[in-house]
Amino acid sequence: MQKKGHLILSVDPGSIADQLELAAGDRVMKIDGQELEDIFDYQFYLNSESIVMEVLKANGEEWELEIDHNYEDLGINFENGLMSEYRSCRNKCIFCFIDQMPPGMRETLYFKDDDSRLSFLQGNYVTLTNMSEKDVDRIIRFHLSPINISVHTTNPELRCKMLHNRFAGESLKILDRLWEAGTPMNGQVVLCKGINDGDELERTIADLSRYVPCMESLSVVPVGLSKYREGLYPLEPFTKEDAEETIDRIERWQKKLYEAHGTHFVHASDEFYILAGRPVPEESRYDGYIQLENGVGMIRLLAEEVADALESREGDEVCDEISLATGVLAYDYMKKHVEAFNARYPNRRVHLYRIENRFFGEMITVAGLITGQDLKEQLVGKNLGRRLLLPEVMFRSGEEVFLDDMTREELQNALQVPVNIVKSSGYDLIEAFLHAEEGESTYSPYELKEIDYE
Ligand code: SF4
């Protein structure tokens with residue numbers, strides 16, 4: 001047996017693989033006589049009652065295991081989550097945020113992935129431009145879904161221009177194949193002023209609405225423009241009037257599609273409503289918050305959850321003082337939530353701070369792109385009460401590190417106040433206001449130490 005296959009990184013204790021005495025360093029060579037291309041193949045074979053697995057043990061022994069797993073996961077973690085190389089994108093989109101990042105950041109932040117397998121595994125949006133016929137066949141054959149697609153425009157020539165890829169128009173045909181096969185999809189449009197907005201957006205929504213209900217949702221989000229755009233395609237920010245026009249257009253389609261299909265399908269992101277100075281839509285218009293990760297409905301959902309969390313509480317007379325920081329975008333809404341909280345808990349003071357994004361530039365207003373550096377600069381010397389709460393979107397997934405590599409511990413030492421990470425729901429927010437010291441990310445003030453940033 002040649003040494004290849006897929007290296008096992010670890011085996012979950014007590015799992016089927018553990019019982020079979022598989023371990024880190026072993027290699028899965030074949031399942032049912034077939035080599036595995038990637039995680040899709042692996043999951044496809046696991047979707048069965050039993051398999052025959054060929055394993056090359058770390059000590060060189062070759063094992064053939066008949067495994068009656070009955071659709072259960074085996075508990076194997078591979079060296080590479082995809083079981084193959086990550087595919088980088090073949091585009092050079094005129095709006096790409098990665099091109100607008102300053103130099104000197106962590107290397108992984110500059111990696112441009114456009115891998116359809118990540119769409120299924122992590123919900124990433126993909127452009128379809130580097131998918132082969134075989135990839136599409138596998139998605140259909142393995143019944144993988146949903147696939148999240150960055151469409152941007154259905155005008156083939158315009159798509160080639162926006163993605164700077166001459167195959168970008170042609171790859172739109174994959175949408176037809178996925179639709180014919182009944183593969184659930186979600187779409188996304190990054191809207192660029194004077195490029196794919198106005199009549200072009202009208203065309204895109206009209207074209208994609210043919211795929212409803214197979215295409216379950218379409219979000220329209222404004223392009224993010226950082227201050228690092230030198231040498232890049234000239235793009236302008238949207239004005240209040242542009243936002244109003246875009247919302248009006250989208251809401252006309254919502255009405256039409258709801259009457260025809262019972263779904264609103266297309267949604268303007270929260271940013272458009274804030275820019276237009278309009279209230280965000282009512283909860284029922286978000287069709288179950290299908291595109292929250294694209295900033296569609298987050299404000300409405302948070303408001304509903306905060307109201308619900310407060311309604312079920314009596315209030316108390318406890319005296320307390322804490323602080324919360326958020327981005328410019330959510331600040332006004334967060335202020336209302338803090339006021340509602342204070343109406344119920346008058347002696348518990350919450351200082352709310354609005355953090356401008358100096359790192360990427362003032363046009364970037366979302367909390368998720370705020371760096372530790374900006375927090376430190378703008379909060380130092382402020383009254384933060386006995387602890388500071390920060391939304392978890394400010395941190396790298398599952399870690400206590402900001403985008404600029406500053407850690408939570410470094411920030412709390414710089415500000416001399418414990419920092420708590422608050423999960424994203426309104427229930428978590430109210431819980432954190434009331435019981436900040438009981439959260440997972442508490443830090444004893446006695447452990448605070450000075451950090452030298454020079
Ligand atoms: S697909 Fe476009 S926006 Fe996405 S990473 Fe590639 S160049 Fe950037």
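Mentor: Before we look at strand β2, note that a residue is called buried when its relative accessible area is under 20%, and that what we have here is a predicted model.

Trainee: Okay, so is β2 mostly covered or mostly uncovered, and how many of its residues are buried?

Mentor: Strand β2, which takes in residues 27-31, is mostly covered, with 4 of its 5 residues counted as buried.

Trainee: Which way do β2 and β4 run, and over how many bridges?

Mentor: They pair in the antiparallel sense over 4 bridges, β4 being residues 50-56, and within that pairing Ile 31 has Met 53 as its bridge partner.

Trainee: And what joins β1 to β2?

Mentor: Strand β1, residues 6-11, is joined to β2 by 2 bridges, again with an antiparallel course, and Leu 7 stands opposite Arg 27 of β2.

Trainee: What do β2 and β3 form?

Mentor: They form a hairpin with 2 residues between the strands, and Asp 32 in that turn has a positive phi of about 50 degrees. The antiparallel pairing with β3, residues 34-35, rests on 2 bridges, and Lys 30 faces Glu 35 there.

Trainee: Switching to the whole protein, what is its radius of gyration, and what would a compact globule have?

Mentor: The protein has 25 Å, whereas a compact globule of 454 residues would have a value near 22 Å, so the two agree. The C-alpha trace spans about 70 × 60 × 50 Å along its principal axes.

Trainee: How many positive and negative side chains are there?

Mentor: There are 48 positive and 84 negative side chains, and the centres of these two sets lie 6 Å apart.

Definitions and conventions:
Residues are numbered from 1 along each chain as its sequence is written. This is a predicted model: local features need pLDDT of at least 70, side-chain atom pairs count only at pLDDT 80 or more; totals for chains, interfaces and linings use all residues. Side-chain values use heavy atoms; hydrogens and water are left out. The radius of gyration is taken over C-alpha atoms; the globule rule is 2.2 Å times the number of residues to the power 0.38. Lys and Arg count as positive and Asp and Glu as negative; His and the chain ends are not counted. The place of a charge is taken as NZ of Lys, CZ of Arg, CG of Asp or CD of Glu. Buried means under 20% relative accessible area, exposed over 50%, partly exposed in between (1.4 Å probe, protein chains only). Two strands pair if DSSP finds at least two bridges between them.
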